[in-house]
Amino acid sequence: MAEGTDGSRDGSRDKSPDEAALSARLGSLDQRLSEVRDTRKIRTDQPASESGDGAARASAMARGLRLSSELIASVLVGAAIGWGIDRLLSTSPFGLIVFFLLGFVAGVVNVVRSASAPPERTDR
């Protein structure tokens with residue numbers, strides 16, 4: 001930290017009253033924080049080991065990425081089909097718009113259906 005107000009700090013254990021008060025407040029804060037952490041750990045029933053929690057997070061992340069990729073893929077496939085129909089039938093933007101919207105609706109329905117299904121258990 002900074003030097004004392006008189007400019008002479010020789011490394012001795014003598015602390016100014018401000019530093020002693022600050023140290024006491026920091027110790028009190030540390031104790032209160034550790035108590036709050038302990039009560040939160042008990043209240044949320046977190047396991048002592050973080051390995052199970054990490055696996056659950058990875059599984060949730062994988063499921064989220066799968067659902068988002070399904071939605072994006074259905075929109076892109078719908079847009080591609082609409083663009084192809086527009087090229088074949090010369091119906092400039094209408095096929096693209098209709099199939100883009102159909103792809104979006106199909107993607108949302110698929111995501112809702114997949115998200116409401118219980119996750120698959122593969123740890124047998």
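Let me start with Val-109, which is found in helix H3, where helices (H or I, at least four residues) and strands (E, at least two) are DSSP runs numbered from the N terminus. At 44% relative accessibility Val-109 counts as partly exposed, on a scale where buried means under 20% relative accessible area, exposed means over 50%, and partly exposed lies in between, with a 1.4 Å probe and protein chains only.

Before going on, a word on the source: this is a predicted model, in which local features need pLDDT of at least 70 and side-chain atom pairs count only at pLDDT 80 or more, while totals for chains, interfaces and linings use all residues. Residues are numbered from 1 along each chain as its sequence is written, and side-chain values use heavy atoms, with hydrogens and water left out.

The protein has three helices and zero strands, and of its 124 residues 10% count as buried. Its exposed surface comes to about 10500 Å², of which carbon and sulfur atoms supply 62%, the areas coming from the Shrake-Rupley method with a 1.4 Å probe and, for residues, with only the protein chains shown counting as cover.

Back to H3, residues 94-116: its 23 residues should span 33 Å at 1.5 Å a residue, and its end C-alpha atoms are 33 Å apart, which agrees; the expected span is 1.5 Å times one less than the number of residues. Val-109 belongs to a nonpolar surface patch of about 410 Å², made together with Phe-104, Val-105, Val-108 and Val-112. Such patches take residues with over 30% relative accessible area and no salt bridge, joining nonpolar side chains (Val, Leu, Ile, Met, Phe, Trp, Tyr) within 5 Å and like charges within 9 Å.

Which residues of H3 are buried? They are Gly-95, Gly-103, Gly-107, Val-111 and Ser-114. Ser-114, with a relative accessible area of 16%, is buried, and, leaving aside residues up to four places away in sequence, Ser-114 touches Arg-63, Arg-66, Leu-67 and Glu-70, a contact being heavy atoms within 4.5 Å.

Two of those partners, Glu-70 and Arg-66, meet through their side chains in a salt bridge at 3.5 Å, N to O, the rule being a side-chain nitrogen of Lys or Arg within 4 Å of a carboxyl oxygen of Asp or Glu. By this rule the count comes to one salt bridge. Because they are four residues apart in helix H2 (residues 51-89), Glu-70 and Arg-66 are separated by about one helical turn. Glu-70 is partly exposed at 23% relative accessibility, and Arg-66 is partly exposed at 36%.
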